Amino acid sequence: MKKLEIMRKLVADLAVLNTKFHNLHWNVKGPRFVPVHEALEDMYNEFFEHYDDVAERMRMLDAYAPAALKDYLALTDVEELPEKDFDIKEVITIVKASYEGLKASVQALRDASSDDAVTAAMCDDLESAYDKRIWFASQQLK
Ligand SMILES: [Fe+2]
C-alpha cells in the first residue's frame, strides 16, 4: 500500500480500537478488574491521541483524513466485539493482538515513508509505544 492509503487505514483502525477498548474497559470482569479497567482507559486515550496525530500528519501532507464512522468500518480490518462480559485473560489476549496489528501497520508506514522523515519519526514513536504495550500484555499472559 502507498503511504497515504496506510495512513487512512491507520486512522480508521485507531478510531475503531478506541470504541473496541471502551467495550473492554466497561465489561472486563475478574479479580484484577480495577488495574485492567484503568489500563484500558490509558490505552483508549492513547489511541485517541494517535488518531489525531496521524490525521493531522495527513493534513500536513495535503491529504484529507477519513472522518466518517462508516468510512472507518470500510477501511479497517479491526473486528468489533459485542457488548458482553470479558474475562481478564481474554482481554489481555485481545489487547496484545490489537497492538501487534498496529505495530505491523506503523512498520509498513515507515517503510513507505523513506522520502518523509517526519512521518517516519512519527512511526518510530508509535512503534515504541506499541512495543511497550505488547511487552506488558505478554508478561501478563505468562
Ligand atoms: Fe471509563
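At what angle do helix 1 and helix 2 pack, and how far apart are their axes? Some notes on that and on the rest of the fold follow.

1. Ground rules. This is a predicted model, where local features need pLDDT of at least 70, side-chain atom pairs count only at pLDDT 80 or more, and totals for chains, interfaces and linings use all residues. Residues are numbered from 1 along each chain as its sequence is written.

2. Helix 1 with helix 2. To take up the opening question, helix 1 and helix 2 (residues 33-60) pack at about 160°, with axes 9 Å apart. Axes here are lines fitted to C-alpha atoms, for helices over the stretch in contact, with angles from 0 to 180 degrees between N-to-C directions. The pair is therefore roughly antiparallel (angles over 145 degrees count as such). Helix 1 passes helix 2 in a left-handed crossing, meaning that the near helix is turned anticlockwise from the far one by less than a right angle. By class, their contact has 18 nonpolar, 5 polar and 1 charged residues. For the classes, Ala, Val, Leu, Ile, Met, Phe, Trp, Tyr, Cys and Pro are nonpolar, Asp, Glu, Lys and Arg charged, and the others, Gly among them, polar.

3. Helix 1 with helix 4. The axes of helix 1 (residues 3-27) and helix 4 come within 10 Å and cross at roughly 165°, so these two are roughly antiparallel as well. The crossing is left-handed. Among the contact residues are Ile6, Leu10 and Leu17 of helix 1 and Val91, Ile94 and Leu102 of helix 4 (contact means C-beta atoms, placed from the backbone, within 7 Å). The contact divides into 10 nonpolar, 2 polar and 3 charged residues.

4. Helix 4 with helix 5. Helix 4 (residues 88-111) and helix 5 (residues 117-141) have axes that come within 9 Å and cross at roughly 160°. Helix 4 passes helix 5 in a left-handed crossing. Their contact has 13 nonpolar, 5 polar and 7 charged residues.

5. The chain as a whole. There are 5 helices and 2 strands, in the order α-β-α-α-β-α-α. Both are DSSP runs numbered from the N terminus (helices H or I, at least four residues; strands E, at least two). The C-alpha atoms fill a box of roughly 50 × 30 × 20 Å along the principal axes.

6. Burial and contacts. Buried residues make up 35% of the 142 residues (buried means 20 or more other C-beta atoms, placed from the backbone, within 10 Å of the residue's own). Of the contacts between residues at least 6 apart in sequence, 78% join residues at least 24 apart.

Conventions. Parallel < 35°, antiparallel > 145°, perpendicular 65-115°, else oblique. Contact = placed C-beta atoms within 7 Å. Buried ≥ 20, exposed ≤ 12 C-beta atoms within 10 Å, placed from the backbone.
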